[in-house]
Amino acid sequence: MAETHSTLVEHSPDLQHHFDDMGQQFDAATLGMWAFLLTEIMFFGGMFGAYTVYRGMYPEAFASTSKLLNTWLGAVNTAVLICSSLTMAMAVRAAQMGQKKLLIWMLVFTMIFGAAFLGVKAYEYHDKWVEHLIPGLGFEYKDTQYFHQAQILFLLYFAMTGFHALHMVIGFGILSTLLVMAIRNRFSPEWYTPVEISGLYWHFVDIVWIFLFPLLYLIGLHQH
Amino acid sequence: MTHHISPVRDYVLVWLALVVLTFLTTYVAFFDMGQFNIVVAITIAVVKMSLVIWIFMGVRYTSRLTKLFVVAGFFWFLILIVMTGQDYVSRNWLARGHMW
Amino acid sequence: MFLSLDIPLWPEAASTNAAEVDLLYIFLIVVSVIMTAVIFLGVFIFAMKFRKKDPKYVPPHIHGSNLLEIGWSVAPFLVMLVMFVWGTKLYFDEYTIPATNDAIDVYVVGKQWMWKVQYPEGQREINELHVPVGRKVRLTMASEDVIHSFFIPAFRMKRDVVPGHYNTTWFEATKPGRYHLFCAEYCGTEHSGMIGWVTVMEPAAYENWLSGGGAEGSMASQGEKMFQQLGCSTCHLLDEQGRCPILRGVYGSRVLLEGGKTVIADESYIRESILTPNAKIVAGFKADVMPTFQGQVSEETVLQLIAYIKSLAPKTTNLITGAAASVPGMTTIPGRPGANSQNVRRDTTKTDGKQ
Amino acid sequence: MSTTLQTPELVERPNYLNEDYGWKSWLFTTDHKRIAILYLISISVFFLIGGIFAGLMRTELLTPAGDLFNSDTYNKLFTMHGVVMIFFFLIPSIPATLGNFLVPMMIGAKDLAFPRINLLSWYIYIIGGLFALSAAAMGGVDTGWTFYTPLSSTYSNTFVLTAATGVFISGFSSILTGLNFIVTIHKMRAPGMTWGRLPLFIWAHYATSLIQLLGTPVVAITIALLCLERVFHVGIFDPSVGGDPILFQHLFWFYSHPAVYIMILPGMGVISELVTCFSRKSIFGYEFIAASSIGIAVIGFLVWGHHMFVTGQSMYASMVFSFLSFLVAVPSAIKVFNWTATMYKGSVTFETPMLYAFGFIGLFTIGGLTGLFLSTMAVDVHVTDTYFVVAHFHYVMVGGMVMAYMGGLHFWWPKMFGRMYPEGWARFSALVVFLGFNLTFFPQFILGYLGMPRRYHAYAPEFQIFNVMSTAGATILGVGYTIPLIYFIWSLKYGKVAGNNPWNATGLEWTTTSPPPKFNFDKTPIVTEDAYNYSHRGEVEVG
C-alpha cells in the first residue's frame, strides 16, 4: 500500500514512473513473480496429473520401465541442482548486501551447476537415443509385455524433463543477463529486484526437479 | 524497505538437509514397501520443497499475501489431481457392485 | 389453419425412462419459468415504479439485508437439491445395466460415419436397429476409430462410444414405431450422415424378423469360424489343457491373475486379452506367448469371438475340470471367491507348468 | 489512427490520445489506455470474422439438406467460429479492453504494475490470432473448438497443429493480463482505497484474473501434449496404444469450464456499475456480490465433469460434479437478485447502457436457469450435444457477456474518447439486438429437446421450421451489431463532446478528464467514501 503521498518523491534512477516508491515496486515485482510461479505450478501440474492417472492405470508397466532410467545419474543431478539453489540463494543474499564480487562469483557458480545439470541431462537423452527409447521415433522395447505403456511413460519422461530442461535453459539466459548487469554494477542494496525474482524462478525450477526425480527414477527400484 | 537478510549458516544447513534427504529417498526406494513406497517418496519430496520455499525463497519473511499465493498454488494443483482421480478411482465401483 | 401445420414441439416418448425424464424436464421448466417471471417482473416493476420522476428525489442509501441474501441463496439451493436428487436417481437407473437373463444383447460398433449393429442370432445391420417392444435391450458398444455417441431422442438415451473400451447402456421400448438414431459426438466429415432408424416391433413381428435374417448363422457360430481361422484353437484347446488357459466356462467366472489379483472375466477382460494379451496374465501362465491381435481383428470380429466364448458353457459333467457349473452371466458363486473350477485349473497347470 | 481526433476546443488539453502521434506511438506504447484501444480494434476484427462464420453457418442451416456447403466446409466453419469467438473474442474482450483501460483508473493508479508485459500480452494475442487465421486461410481445421482426441490427434488431416498453436499462444496473453491485474489490484491502490471500497468492476476482474492465472496453463500443457501426440503418435491420448481420450477431456475441461467464468465475470462487473449509476442508488449487498465473484471463481474449478456425464465417466464422479454444478449456480443467483434489489426505491433512467443491463439481467437469468437443466444428470443425458446446449451457452455468452460488453462500451465511450454516441440510434440498436437474439436462440431450446444434435450440417426435415426462425433471428442480430460499429466510428469525429462525467457517476475514473491524461490523474486521488455513494449526486445530467 502506498504510504507516502506521491506528489514529490526523490526519483532514484531505478524507480519506474508509475510506482510511488521503491518498496511498492519491489513488492509488485515479487508478487508478480509469485503469480507467474502459480501458472508454472499449474503448467507442470497438468503433466503430473497425466502421470498420476497413467501410473494409476498401469502401475507394473511404469515400475518395470522406470528401471531403464539411470537412477544414479538422476540422484547426482538432483544434488547438482540443490547446490545451484544454494549458490543462487547466496547470490540473492550478496545482492541484498551489496557485495558485488560475491554476487558475481555466486552467479557464476550457479551457472556452472546449471550447465552441469543440462550436461548430464543431454548425456541421458543421448543414451536413450542410442537405446532407441525415444517414443514415436523407432521406439524399441525388449519386454513386449508393456510395449505401449512403456511408450507412454517415456513420453511423460521426455515431456516433463524436456519442459524442465527448457526452463533451465531460460534460467541460464536470465542468469547470464544478471551476470552482465552485476559486472556493470547495476545492482545496489536499494535495487536488486531482478536478482530476487530470478532467484525465486530458479528455486521453483529446482522444486519441480525435486518432485520429478522420485516420481520418474525411483518407482521401479524395489522390484528386483 | 530493509529486507531481512538471513545468515549464511541457514542456507548451508538447508543445503545439507536437502542433500541428505536426496540420499535418503534414493536409499529408501530400494526396499519394497508396496503402496508405502510412493507415500514415503512424496513425503520426502514435500519436505524438501517446503525447505526450499521457506528458507531459500525466503517466504518465512514475506507478507501473508505471498504465503497465501503459495498455498493457493498447491491447493489448485490438488483440485486437478483429486477431481480427475476421483473419476478413475470410482470408475468401476458400480461394476463390482460395492463402494470399495 | 396454422394448427394443422405439424410443428413438433415435443419429442415422442417411446421408452420407460422417457416418461420419467420428461416429468423431470417439465419440473425444471416450471421452476425456470417461475424464476424468470420473478426476475423479469421484478426488473420491470422496479424500473417502471422507480423511474426518474422528479430530479430532486434522492434515493435512500440501502446497504443490503443479510436476511434477504441468505434467503435467496438457501431457497434456490434447496430447489436445486430436489433437481439433483431426482436427476441422480434417474441417471443411476438409466446407466445401471440390468443383469437379468431375459434382456436382449445387441452389439453396436461405431465406425467413422456408420453404425454397425449385430445381434447374437447373427443378423447384422448398418444404421438400423430392430427391437421388440416391452423387453429390455442391453447395448454393448465399441468404436473402431474416434469417439461417437449413440443417441436415440425418442428413448431420451445417449451414450458416448469411446474407442479402447466398451460402453454399455440399456433401454426398454414401450411404443412400436420408427425412431431417429443420431450420432451426437462430433466425429469428423460425415458426422451429420451417421444417422439411422430404430424400429420397435410387436414381439410377434420381431420373432419372424429374427428368424428371417441371420443367413450366415449366429454370432457365436461366426465367432467359432474366426476362432479356427485365426488359429486360436491351436493353443486354446477346449477340453484339455493346452499351452493356454481353457476358455470353456471362463465367461463370468473370477480369474486368478499372476501376482495374486482376481478379476471377473467380462466382455472387457476378454477383449483386452485378445487385443493386448500381456496386460493381464492368468496365474501359472507366462507372458509373451500369445501374439497381440491389435489391428488384425475388427471390433465386430472381437464381438463375435466373445459371443462364441460366452456360448462355451461348460458341460454339466465335465470330468477333466470337475468344475461345478459357473453360471454364465454376471453372477459368480457366492462365498469363496475363485470358484473351485478356477482352483482346479491351478492344480492341473502345476504339472505341465514346468515344461 | 493518425487523423486528428479533436475538434478545436479539446485540442489544447493534453490527453493520452493527442500527446503523441504516429504508428510508433501506438505500436510501442506502454500506456494501458492505448493498449486497451489496440485491443478494442483487434477484438472487434475477430468479432466480425467470427460473426461472418456464424452467418454462413446459419444460412446453410436454412434447409435440411446440406446444399450450400459440403459437410467438410461446414465442419471447418463451426470449428473456426468456435475457436475465433471463444479464444479471440469472448475471453479477452472485457478484461483486455474495458479492463485494461479502467482497472488502473478505478483504483487511482497511474498504470498497470507491468506496462511492458501489458504490451507483450497484446503482441502475443496478435501472434496467436495470426496463427488461428492462417489455419483458417490454409484450409481450416475440422475438429470442433474442443479438439477432442483421437479425432484431433490421429484421424483429422486438417490444420490442427496450426490452430492448436494459435490457441496455445493466445493462452499466454490471457495469463499475462490476469497477472498484471492481480498485482495492480493488490499493490497499486490509491490511499484510502480499501478492499471494501473497491468498485465491483474491480472485484469481478480480480476473480477473472485468478481463473486466468490458475486455469490457462492447464489448457496450455494439454494442447502441448496434443501436439506431441499428433506429431509422434506416442499414445498419450490414443486408445489403441493404451492412452485414454477421457483424460484429454478431463484436462481440457479443467480449464475450459472456468474459462466460461472468465467470459461472464467481467460482464457481471460491468452490470454492477451500470445498474447503480442509472438507478442513482448504491448497490444492494456489496459484500455479497464481491464474495460471489470470488465464489464463482473458486467453485468454477470444481465442476468441469458436467461436460462428461455421457462419456462413461464414473457415475459417482458425475454425481459429485453434478452437485457442485448446482452449488456454483448460487453465487450467480445472488448477483441477479442483488441487481434487481438495487433498483428498489432508485431513480431509474433508460439510457442505452441501462437497456443493455436490462437485457443482460433477463437473458443471463434464462441462460443460468437452463444451465441447471444441464447439471441435472438425467436431463443432461438427453440434451447434451444437442441444440439445447448451443442455446444455453449462447444465452449466457451472447445474451449475457456481449450485452454487458456493449453496455460497458456505451457507458465508458465518453471517458475513452471524449465523445458521446448517438442516443437514439443506440437505443434502437439495443432493441434490435434483443429481438434478434431471442429469435435466434430461443427456438434452439425447442430444437434441442426435440433431439437435433449439434454440429449437423444436414438435419432431419421436421426440425426445419425452428432453424428458419433461428436464421432469420441471426440476420436481425447481425444488423443489430453492425449499427453500433457504424455510429461508434462516426462518433469519434462527429459525436457530441462529452464532459468529464456525462453520467454523473461515482468512481475514480469519472473524477479525471475524458479522454484522461497520460498518467490518469494530475495528482493521486485520496479515497474517502464507499464505492457507490450516489445519495448526494443528483440526477444523470445527459439523460
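**Exercise 1. The interface of chains C and D**

How many residues of chain C are in contact with how many residues of chain D?

*Solution.* The structure under study is a predicted model.
Step 1. On the chain C side, 69 residues are in contact with chain D, and on the chain D side the number is 79.

**Exercise 2. A helix pair across the chains**

Describe how helix H2 of chain C and helix H12 of chain D are arranged.

*Solution.* Two packed helices are characterised by the distance between their axes and the angle between them.
Step 1. The axes of H2 (residues 66–95) of chain C and H12 (residues 315–342) of chain D come within 9 Å.
Step 2. These axes cross at roughly 155°.
Step 3. Angles over 145 degrees count as roughly antiparallel, and H2(C) and H12(D) are therefore roughly antiparallel to each other.
Step 4. The crossing of H2(C) and H12(D) is right-handed.

**Exercise 3. The form of chain B**

*Solution.* Step 1. Chain B contains 4 helices and 0 strands, in the order α-α-α-α along the sequence.
Step 1. Along the principal axes, the C-alpha atoms of chain B fill a box of roughly 65 × 35 × 15 Å.
Step 2. Of the 100 residues in chain B, 29% are buried.

**Exercise 4. The makeup of chain A**

Summarise the secondary structure, extent, burial and contacts of chain A.

*Solution.* Step 1. Chain A has 6 helices and 0 strands, running α-α-α-α-α-α from the N terminus.
Step 1. Its C-alpha trace spans about 75 × 35 × 30 Å along the principal axes.
Step 2. Buried residues account for 52% of the 224 residues of chain A.
Step 3. Among contacts in chain A between residues at least 6 apart in sequence, 74% join residues at least 24 apart.

**Exercise 5. The largest nonpolar core**

Which residues have the most contacts inside the largest nonpolar core?

*Solution.* Step 1. This core has 376 residues.
Step 1. Those with the most contacts inside it are Ala35(A), Ala50(A), Ala91(A), Leu156(A), Val84(D), Ile107(D) and Ala132(D).
Step 2. Apart from its neighbours within four places in sequence, Ala132(D) is in contact with Val83(D), Val84(D), Phe88(D), Ala163(D), Gly166(D) and Val167(D).

Conventions
Residues numbered from 1 in each chain as written. Chains lettered and ligands numbered in written order. Predicted model: local features only at pLDDT ≥ 70, side-chain atom pairs only at ≥ 80, totals over all residues. Core = buried A, V, L, I, M, F, W, Y, C linked by C-beta atoms within 7 Å. Buried ≥ 20, exposed ≤ 12 C-beta atoms within 10 Å, placed from the backbone. Contact = placed C-beta atoms within 7 Å. Helix = DSSP H or I, 4+ residues; strand = E, 2+ residues; numbered from the N terminus. Axes fitted to C-alpha atoms, helices over the stretch in contact; angles between N-to-C directions. Parallel < 35°, antiparallel > 145°, perpendicular 65-115°, else oblique. Left-handed = near helix turned anticlockwise from the far one by under 90°.
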